[in-house]
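Please look at the sequence and the model below. The explanation that follows takes a few residues and strands in turn.

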Amino acid sequence: MKKKYYLSALVVCLLFNLSSCSSDGDTSVDPETEEVDENATDDPTDEEVSPETPDPETPDPDPEPTDPEEVLDCLKTFGTNYVVFEAEATESPLDQWELISKGDAGYLDKESLGPINETHLEFTGNNQGSGPATSPLEYVFTAPSTGAYKLVMRLYQRLEGAEEDKSNDVYIRMAGNFTTATDKYTTEDLETDLKFFGRGVDQWGGVYSGDGGAAHNKSAILYNLIEGEEYTFTMSGRSKNANIDYILFYDTKDITIQTGANKDIAELNDAQYRPDWDCNQ
Ligand SMILES: [Ca+2]
Ligand SMILES: [Ca+2]
């Protein structure tokens, strides 16, 4: 558990560092209060200290600098036929996305299964209804198999009294050697910021449907991916107070994932399809 908090703090630092490094010339940076939880190193649950180690002060015997690449790698899981990312597994500046971790006031853990890895991203721009594609976050991955990959995310709508179709969407686009795997959207539709919506009305649910494109469809998002090819997926903010826990791509010839309005994709599906933070075990 302690390691989890440690890595959580590292990720926060990493993201804010990257943000400031890459924000040269960007004077519109939101002076958001960085709610890094300095008290996260509480609860040393284990009271017992062996007599041979009289110095319980040393917090970590491993002072080597953390490689940002390694931290990012910990937030992604690659199966043989799926890829799943923590929402914060990006090198992009978070900008108007806020990283919320356990202990933060806005942490969304009301459900029996809380945020995976005790983190989620909340979009704070635009309004709860809509707005332009804002604060793009890039996720780079190599397809582990050739097939039609479907996209889903875990969503929580922090409605604060708004209608159920508010705070429920993001924009998505894909880059790389792919084609559309659905007749509802063209490849060009999928290469361009497209609304992607779902339902998680004051609870964890899912994002599972596109909305728009040339034919104005509302339908699942599917990409033909090629094993070994590298892709860059981009998620941008659309509606304020939409919270994303993680992002899953899976090969539909092998895997079925249950989704639907107010269906929690984490609870309904096997735990292997969540980012398992394996570097930290
Ligand atoms: Ca998470
Ligand atoms: Ca909406």
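Asn 126 is partly exposed, because 19 other C-beta atoms lie within 10 Å of its own, and a residue counts as buried at 20 or more. The model is a predicted one. Asn 126 sits in the loop between strand S4 (119-123) and strand S5 (134-142). Its phi is positive, about 50°, although Asn 126 is not a glycine. Most residues other than glycine have a negative phi.

Glu 160 also has a positive phi of about 50° and is not a glycine. This residue is found in the loop between S6 and S7. Glu 160 counts as exposed because it has 11 C-beta neighbours inside 10 Å.

The strands on either side of that loop can be taken next. Leu 151 belongs to strand S6, residues 147-157. Leu 151 is buried, since 22 other C-beta atoms lie within 10 Å. Which residues is Leu 151 in contact with, leaving aside its neighbours within four places in sequence? They are Ile 172, Ile 221 and Phe 249.

Strand S7 covers residues 169-175, and five of its seven residues are buried, so the strand is largely enclosed by the rest of the structure. S7 runs antiparallel to strand S9 (residues 194-199), with four bridges joining them. Here Ile 172 stands opposite Leu 194. S7 is also antiparallel to strand S12 (residues 230-237), and six bridges join this pair. In that pairing Tyr 171 is opposite Ser 236.

Terms used
Residues numbered from 1 in each chain as written. Chains lettered and ligands numbered in written order. Predicted model: local features only at pLDDT ≥ 70, side-chain atom pairs only at ≥ 80, totals over all residues. Helix = DSSP H or I, 4+ residues; strand = E, 2+ residues; numbered from the N terminus. Buried ≥ 20, exposed ≤ 12 C-beta atoms within 10 Å, placed from the backbone. Contact = placed C-beta atoms within 7 Å. Pairing = 2+ DSSP bridges.
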